[in-house]
Amino acid sequence: MLLRKAIEEIPGLRYVTDQIDLLTAAGRRAFYALPFLQDAESISQQLNLLEPYVNLVKKNEPLFQFLTLKLAQVKDIKGTLANLEANNVLDDIELFEIKSFAILADEIFSRSSQSIDEIRDYPLLTSIIEILDPEGNKVPSFYIFDLYSEDLAAKRKEIRLLRQTGNEMGALEAEIIANNIEDEIRTNLSQRLREEYSKIRDAVALITAIDLRLSIATLCHKLDLVKPQPQHEEIEIKGLFNPLVKDALAIKGKTYQPIDVNLKHGVCLITGANMAGKTVLLKSLALTQALFQFGFFVPATLAKLTPVQKILLSIGDEQSELSGLSSFAAEMVTIDRILKSLGKNKQHLVLIDEPARTTNPAEGKALVNALLDILQDQHSFSMVTSHYSGLSGKFRRLRVKGFRENKQVGTLTAENIADYLDYSLIEDPSEIVPEEAIKIATLLGIDEDLLSRAKEYRTGK
Amino acid sequence: MPFTGDILKYRSLAIIGMEKNTGKTECLNYVISKLKARGICLAITSIGIDGESTDQVTRTSKPEITLHKGTLFVTSEKLYRTKRLTSEILDISRRSTPLGRLITARVIEEGKVLIAGPSDTTWIKEIINTMPLLGAQITLVDGALSRKSLGSPTVTDAIILSTGAALSANLRTLAFQTKYTNDLIALPETNSQLQTKLAEIENGVWAVSQENEIIDLEISSLLNIEQTGKNILKHGSKLFVPGAITDKMLNFLKIQKQIANTEIIVKDFTRIFASPECFYSYLSRGGKISVLKATKLLAITVNPVSPSGFVLNSEETIQTLQQMVSVPVFDLRQIKN
């Protein structure tokens with residue numbers, strides 16, 4: 001899976017990637033084609049390559065300023081490179097492109113090779129610059145210089161004199177000869193550059209990598225992400241947050257309550273009141289896992305993560321109306337797809353939000369029990385949220401702490417909800433879920449008659 | 001050597017032809033040679049490819065320009081490849097025009113080149129701002145034929161207008177139309193406080209109070225002014241219209257009782273699409289028009305030869321025009337001889 005595709009699937013990933021500011025066209029192409037890495041080793045490698053850039057950004061080093069400035073000047077030479085590879089004769093515009101790229105790339109490499117490991121063994125471009133800079137003044141400008149050929153220089157002088165004496169015909173003839181000499185020189189220059197092709201290609205690739213990492217590093221710094229540690233057994237996160245929700249709260253002057261969570265193979269059931277952040281928790285986990293496997297830092301203060309083969313989601317965002325299915329049917333189709341992806345040697349991250357919530361509670365509970373049974377036996381990490389009591393399997397249970405006490409009736413609003421809730425997770429072995437629906441409705445100031453009657457029904461009076 | 005002294009006061013100059021074959025390229029070449037004689041480093045570009053493509057249709061001579069050593073120019077990569085001079089590439093734009101990216105180059109050995117610059121005014125402004133960094137003392141902009149918006153004063157500091165028999169073989173008509181353009185260019189500038197306030201507004205119709213407060217009249221344009229049913233003059237009779245000014249609008253305003261106090265502020269003179277008759281009639285009833293930013297008209301050049309072969313009397317043409325406008329009028333061919 002490529003990042004381009006994952007952006008469509010993982011909630012909140014677009015919010016993160018939309019904030020990237022890539023400086024080169026090649027960098028932009030490479031970014032959306034980043035692969036979903038599945039082994040700890042390659043993820044480690046990418047993270048280690050990224051780290052020095054994050055440090056540059058964090059400390060706002062002069063080198064960071066320099067790279068930002070210089071990368072913004074890099075132009076896309078993809079077409080020219082293809083022409084060179086195909087052994088075509090390059091024209092002045094293409095030769096200029098290679099020359100100005102080589103001078104700029106050389107400047108970038110030589111200035112940063114000491115600070116960044118990845119650039120230590122950079123391709124030496126001096127031979128290329130020399131071919132295109134016979135005057136040796138390292139200025140990124142180009143024409144078929146007089147210095148390339150004495151004949152050409154003489155012809156040009158002749159043309160000038162003929163023009164001055166008003167001999168247009170003579171000048172025209174001399175011009176044709178000069179043009180032929182120029183063409184020979186272009187052929188020769190192109191051949192010499194063809195021999196250096198792999199160096200130019202490597203330089204383009206390295207510049208692209210620098211742009212990619214510097215931009216990702218800037219993003220990691222901006223969103224306050226942390227370097228995750230790949231491991232092989234568990235998923236263990238401290239201070240997990242959701243960048244989208246965190247920023248939305250910050251705009252309202254509120255703070256996000258980060259939470260700690262860990263997952264082992266099998267099922268972890270999450271219960272808790274409405275609005276207690278269960279869905280956000282699942283989305284944050286999905287986002288964290290995705291960022292980790294695309295080689296980014298993650299939204300937490302500490303993260304020990306295990307690579308998975310797939311991130312399988314059922315978080316109720318399916319557009320059931322469009323497919324003509326009821327929300328229950330759409331959900332079942334999604335869960336079916338998840339189950340088909342499971343298998344003996346598969347290790348996935350499975351995140352399911354309130355399965356079977358839109359059907360009758362009796363059957364719904366049975367379906368969830370069955371689903372949890374299946375997931376419990378898998379070598380995958382599964383987290384399922386539910387409001388159902390009586391889910392009886394042997395699996396781990398966590399509960400969102402939920403409402404703080406001593407709150408006044410009718411004072412709860414969408415604006416101040418965060419002040420009322422403690423989002424942290426606690427172990428809760430009980431099969432009985434906390435009953436807080438009426439309490440929340442009361443705090444929201446919902447119709448008193450409705451609520452008192454509901455209470456009567458609930459207590460059976 | 002007429003008007004080259006004046007040119008040096010400006011950072012950028014557009015040469016605009018009122019019609020094809022009114023001698024715009026000739027004027028450009030004239031200005032270039034005069035500036036060269038004074039040792040001025042100049043940059044040259046044009047706006048759009050409009051003129052170029054129509055020239056190919058009508059098979060008239062291409063607007064090829066002779067450039068001298070050291071001159072900077074900005075043209076598209078497609079046309080750069082057809083150049084007939086030796087020049088050093090200094091930059092290639094990231095953005096692209098319909099004729100490819102724009103090449104900035106400096107002439108090494110003089111010769112001819114076709115110029116086709118950017119197609120939008122923001123880009124032209126950027127180029128005008130960049131050229132001094134490369135050493136240019138003035139930037140010339142070849143305004144595309146029959147598309148006067150390019151010479152919009154928001155782009156260059158000054159203008160030279162080229163007119164001639166190609167516009168009309170009738171001297172009276174030629175003179176009248178040229179005078180009209182001259183009068184549009186000469187419209188007064190509004191006060192500087194309003195300039196900053198109104199610069200960013202791109203559409204709608206706005207009332208401007210005596211205290212320079214601006215009020216959105218909430219009508220999209222004045223094209224169907226009679227049908228809006230709104231009293232557009234209820235907030236006073238000073239209006240800002242960023243869009244086009246038409247006959248209909250002027251005819252409506254001139255019969256209102258507030259006409260003597262009515263003032264229309266337009267972005268620049270190219271937004272006025274009204275006929276000369278309506279324009280002058282509106283003014284004679286006491287109405288006023290001002291522009292956000294005025295531009296300086298330096299001179300009018302006349303080409304008495306029309307492409308169909310008809311030739312006006314050069315001296316008579318100049319005299320007739322000169323009586324109607326205050327800027328100097330020249331026939332460049334007469335000066336050269």
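**View 1. Contacts across chain B.** Two residues are in contact if their C-beta atoms, placed from the backbone, lie within 7 Å. Of the contacts in chain B that join residues at least 6 apart in sequence, 76% link residues at least 24 apart. Chain B holds 11 helices and 15 strands; here helices (H or I, at least four residues) and strands (E, at least two) are DSSP runs, numbered from the N terminus. Of its 337 residues, 44% are buried, a word used when 20 or more other C-beta atoms lie within 10 Å of a residue's own; exposed stands for 12 or fewer and partly exposed for anything in between, again with C-beta atoms placed from the backbone.

A word on what you are viewing: this is a predicted model, in which local features need pLDDT of at least 70 and side-chain atom pairs count only at pLDDT 80 or more, while totals for chains, interfaces and linings use all residues. Residues are numbered from 1 along each chain as its sequence is written, and chains are lettered from A and ligands numbered from 1 in the order in which they are written.

**View 2. Where chain B touches chain A.** Chain B brings 13 residues to the contact and chain A brings 12. On the side of chain B, helix 4 (77-80), strand 5 (84-97) and strand 6 (100-114) each supply at least two residues. Strand 5 of chain B gives the largest share, 7 residues. Sorted by class, this side of chain B has 6 nonpolar, 2 polar and 5 charged residues (Ala, Val, Leu, Ile, Met, Phe, Trp, Tyr, Cys and Pro count as nonpolar, Asp, Glu, Lys and Arg as charged, and the others, Gly among them, as polar).

**View 3. An open sheet in chain A.** Follow the 4 strands of this mixed sheet in the order 1-5-2-3; two strands pair if DSSP finds at least two bridges between them. At the edges sit strand 1 (229-230) and strand 3 (259-263) of chain A, each pairing on one side only. Strand 2 (residues 235-240) of chain A runs antiparallel to strand 3 of chain A, and 4 bridges join them. Look for A:E236, whose bridge partner in strand 3 of chain A is A:N262.

**View 4. Two loop residues with positive phi.** Most residues other than glycine have a negative phi. A:D224, not a glycine, has a positive phi of about 60°. A:D224 lies in the loop between helix 11 (197-222) and strand 1 of chain A, and is partly exposed, with 14 other C-beta atoms within 10 Å. B:N212, not a glycine either, has a positive phi of about 65°. B:N212 belongs to the loop between strand 9 (206-208) and strand 10 (214-216) of chain B, and counts as partly exposed with 13 C-beta neighbours inside 10 Å.
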